[in-house]
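Subject: Handing over the structure

Hello,

Here is the structure I promised to pass on to you. Please have a look at it first, and then read on for what turned up in it.

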Amino acid sequence: MSAPSILPGDNNMEKLASLCNLTYQQQVTWFINAYWEDFAEEKAEQFWLYAHKCNDLDIENHENGSALDELNAHRFLEHFDLTMTVREMRTKLRNTGAVEQNFRFKNVPVSHMLIGLHDIDWNYLVNASQGSNKEELEKAEALLNEVSAAFDEAKARAEEAKAALAAAKSAEAAAKARAEEAKAAAEQAKAKEASAHAAAEESKVAEASAHAAAEESKVKEAAAVAAQQELEAALAELKAQEDAYNQKTEDLKRKSEEGGIVSRNRAKNELAQHLGEDPLPLRRAKIDQEAAVRKAE
């Protein structure tokens with residue numbers, strides 16, 4: 001929609017208010033028309049960029065908006081490296097009578113910024129003719145629309161590229177995370193394998209030790225059985241020798257008390273000799289028995 005040829009209002013302040021309610025592009029168009037022959041023709045492209053930037057910053061209304069909030073007004077000025085601050089602009093507007101001294105600014109119309117930046121007479125601005133350069137303005141406006149379309153397309157491509165880059169980074173991060181998980185799992189599996197191997201080796205050592213202990217136990221058991229057998233044999237031999245000794249003693253005692261005097265005396269002498277001597281078989285049987293007892297212990 002093009003800007004109107006005349007601003008509604010009973011006085012210049014009301015006309016300025018009407019101008020500030022137009023869209024960004026309409027306000028810029030009005031400004032360019034007003035100062036086309038003074039300086040706007042040479043800077044028309046710059047002014048169209050102003051309008052486009054306002055559309056971009058106004059995330060709620062875009063091209064249908066008319067004024068920026070204070071934060072975005074600061075961003076607008078910083079984007080174009082303009083040294084004027086929003087506060088300085090408001091001071092100029094109050095000093096020129098464009099707004100009353102107690103006027104409370106809610107938002108910043110692009111017309112206010114243009115008035116402050118170029119120190120123009122706002123009274124002239126709101127009454128300026130809008131018809132002398134219509135053809136040139138339409139060409140410039142058409143060029144702006146082409147540039148804006150190209151800019152929007154480039155911005156869309158940039159957003160797509162940004163999204164693709166973010167997706168690629170996310171995929172890379174996910175792949176890296178999976179690789180780290182796989183590496184950790186491999187290290188854990190390796191550690192478990194090493195632990196299992198160590199446990200198996202320890203089990204082999206324990207098994208070998210148990211086998212050796214069992215063999216040693218068998219040897220000791222066999223030795224104990226042999227010692228017991230040797231002890232039993234020694235006891236049996238000792239008993240046999242004692243029984244033989246005692247039996248001979250009893251026989252000689254009986255003979256010394258029976259029969260004739262000669263046979264009795266001979267038996268007594270033999271008994272005395274028998275009792276007085278240390279019989280070798282009996283002594284040897286006792287020694288063997290004592291040795292067998294020590295072995296069995």
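One definition before we start: a residue is called buried when its relative accessible area is under 20%. Please also keep in mind that this is a predicted model.

With that cut-off in hand, let's begin with helix α4. Its buried residues are Ala-44, Phe-47, Trp-48, Tyr-50, Ala-51, His-52, Lys-53, Cys-54, Asn-55 and Leu-57. That makes ten buried residues out of 14, and α4 is mostly covered. From first C-alpha to last, α4 spans 20 Å, close to the 20 Å expected for its 14 residues at 1.5 Å a residue.

The largest nonpolar core contains 43 residues, and Leu-16, Val-28, Phe-47, Phe-76, Met-113 and Leu-125 have the most contacts inside it. At least two core residues come from each of α1 (12-20), α2 (24-34), α3 (36-40), α4 (44-57), α5 (70-79), α6 (86-95), α7 (110-118) and α8 (122-127). Which helix gives the largest share of this core? It is α4, with seven residues.

Phe-47 deserves a look of its own, as one of the buried residues of α4. Leaving aside residues up to four places away in sequence, Phe-47 touches Val-28, Phe-31, Ile-32, Phe-39, Ala-40, Leu-114 and His-118.

Phe-47 also belongs to a cluster of rings, linked by ring pairs, together with Phe-31, Tyr-35, Phe-39, Tyr-50, Phe-76, Phe-80 and Tyr-124. In the structure there are eleven aromatic pairs. Why does the pair Tyr-35 and Phe-39 count as stacked? The ring centres of Tyr-35 and Phe-39 are 5.4 Å apart and their planes meet at 15 degrees, so the pair is stacked; planes under 30 degrees apart count that way. Tyr-35 is itself buried, at a relative accessible area of 6%.

Finally, the cysteines. How many disulfides does a search of the whole structure find? The search finds zero. Cys-20 is in no disulfide, and its nearest cysteine sulfur, in Cys-54, is 12 Å away.

Enjoy exploring it!

Best wishes

Terms used: Residues are numbered from 1 along each chain as its sequence is written. This is a predicted model: local features need pLDDT of at least 70, side-chain atom pairs count only at pLDDT 80 or more; totals for chains, interfaces and linings use all residues. Side-chain values use heavy atoms; hydrogens and water are left out. A disulfide is a pair of cysteine sulfur atoms within 2.5 Å. A nonpolar core is a set of buried Ala, Val, Leu, Ile, Met, Phe, Trp, Tyr and Cys residues joined through side-chain atoms within 4.5 Å. Buried means under 20% relative accessible area, exposed over 50%, partly exposed in between (1.4 Å probe, protein chains only). Helices (H or I, at least four residues) and strands (E, at least two) are DSSP runs, numbered from the N terminus. Contact means heavy atoms within 4.5 Å. The expected span of a helix is 1.5 Å times one less than its number of residues. Rings of Phe, Tyr and Trp (its six-membered ring) pair if their centres lie within 6.5 Å; planes under 30 degrees apart count as stacked, over 60 as edge-to-face and the rest as tilted.
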